[in-house]
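User: I would like to learn how to read a few features of a protein model. Please take me through them one at a time.
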Amino acid sequence: MTLGNSMLIPILPRMESELGITAFQASLTITVFSITAAISIPILGYMSDRFSRKTIIIPALILYGIGGLLAGVAAAWFNGAYIWIMIGRALQGIGAAGTAPIAMALTGDLFKGGDQSKVLGIVEASNGFGKVLSPIVGSLLALVVWYGPFWGFPVFVLISVLLTTFFVKEKKKKKEAPPLGKYVKGLFSVFKHEGRWLFTAYLAGATCLFTLFGILFYLSDTLETQYNIDGVLKGAILAIPLLFMMTTSLTTGSKIGKDIKRMKKVIITGFLLMTISFATLVFFTRLVPFIGILAISSVGTGLVLPCLNSLITGSVGAERRGFVTSLYGSVRFLGVAAGPPLFEALMNWSRTGMFLATAGLTFFVGLLCLLLIHVKKQNKSSEDSETNTLFTKLQLTTE
């Protein structure tokens, strides 16, 4: 899933010149992927609850590959290639909707307690690892031909389909999925009782991805226009903040266990680091110190996301987990979709204003997390009951 956007970030300026499009139109190749994914995720999340996770993941991967193939063919041979690339990206977005969000729900099905938080940390680190590799891989493929990254998607899909088919073993469902009416009623009950903190967590995840992809878009443009850095070196520089995020995610997931109080503290610390980093970037224009300060925000993102994954995945039982985690995936995609075009507008307005506005946003969301997530003492007696949600077990409430 992460390859879908990050692998194209290095080639956006080249795409502008080759296709004769504006920077805003180039950024829409990121946006259309993310919006179609955001729309499709809740639908595929419900279907994964109704049927099985692999039943959704494998066809979604295949559609993802077809979309990349269409975009690559269009760029190579079609007149008016831009519109066909956008169609291919839309197909990829629908396919991506059935990958990582459903995998997160599958992780929740297969692992419990502290193991669940640890493995979800690995999932988020894998997400980060994809982001680290993808600018470099995208730059390498673009050395062959600028639209090479589009041709890379079917190859990665083929590997993923084979691995998922042969190595992922789902647990058999103990009972039939509830009918749609009962399912929806159960979801309303979840959001009625846990909605305040849940929507705050959704907003936090979207904010992390919005700022991450917005800053990457800004950095990609700056490297090319101000420093004349292109190709693999550009991809490697773009990967530096992502590497910090991946490493932090992996460490965070292994340390938080199922301690909700610790998760909340880590989330607030992460947003504080992001706020300090973005506010400080106003004063740095030279590349090396800029990357160093930006890495602090990546550490903050790496602290926040694994905690959110654990909170949200543990919020409901397996019968509705696909929808709840998928809705989380939707808002994350909306954050990704909004990042490049909004940061492009902010770049044209004011560099200082862009960073201060971003710092204000992360401070505000961190404050919401502080105020809206409240934790009571843990209830040991029901700790191992699979019928209770993580938040019933730990008596997490919103006030």
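User: How are α7 and α8 oriented to each other?

Analyst: Two packed helices are described by the angle between their axes and the distance between the axes. Axes are lines fitted to C-alpha atoms, for helices over the stretch in contact, and angles run from 0 to 180 degrees between N-to-C directions. In this predicted model, the axes of α7 (residues 113–144) and α8 come within 8 Å and cross at roughly 120°. Therefore α7 and α8 are oblique to each other. The classes are: under 35 degrees roughly parallel, over 145 roughly antiparallel, 65 to 115 roughly perpendicular, the rest oblique. Helices themselves are DSSP runs (H or I, at least four residues), numbered from the N terminus.

User: How many salt bridges does the structure hold?

Analyst: A salt bridge is a side-chain nitrogen of Lys or Arg within 4 Å of a carboxyl oxygen of Asp or Glu. The structure holds 3. One of them joins arginine 14 and glutamate 18, with the closest N and O atoms 3.0 Å apart. Both sit in helix α2 (residues 12–19), 4 residues apart, so about one helical turn separates them.

User: Is arginine 14 buried, exposed or partly exposed?

Analyst: Buried means under 20% relative accessible area, exposed over 50%, partly exposed in between (1.4 Å probe, protein chains only). Arginine 14 has 39%, so arginine 14 is partly exposed. Glutamate 18, at 40%, is partly exposed too.

User: Which residue forms a salt bridge with aspartate 109?

Analyst: Arginine 53 does, with the closest N and O atoms 2.7 Å apart. Aspartate 109 lies in helix α6 (residues 100–110) and arginine 53 in helix α4 (residues 53–77), so the pair ties together parts 56 residues apart in sequence. Aspartate 109 and arginine 53 are both buried.

User: Where do glutamate 224 and lysine 234 lie?

Analyst: Their side chains meet in a salt bridge, 2.8 Å from N to O. Glutamate 224 is in helix α9 (residues 180–225) and lysine 234 in helix α10 (residues 231–256), 10 residues apart. Lysine 234 is buried, at 0% relative accessibility.

Methods: Residues are numbered from 1 along each chain as its sequence is written. This is a predicted model: local features need pLDDT of at least 70, side-chain atom pairs count only at pLDDT 80 or more; totals for chains, interfaces and linings use all residues. Side-chain values use heavy atoms; hydrogens and water are left out. Helices (H or I, at least four residues) and strands (E, at least two) are DSSP runs, numbered from the N terminus.
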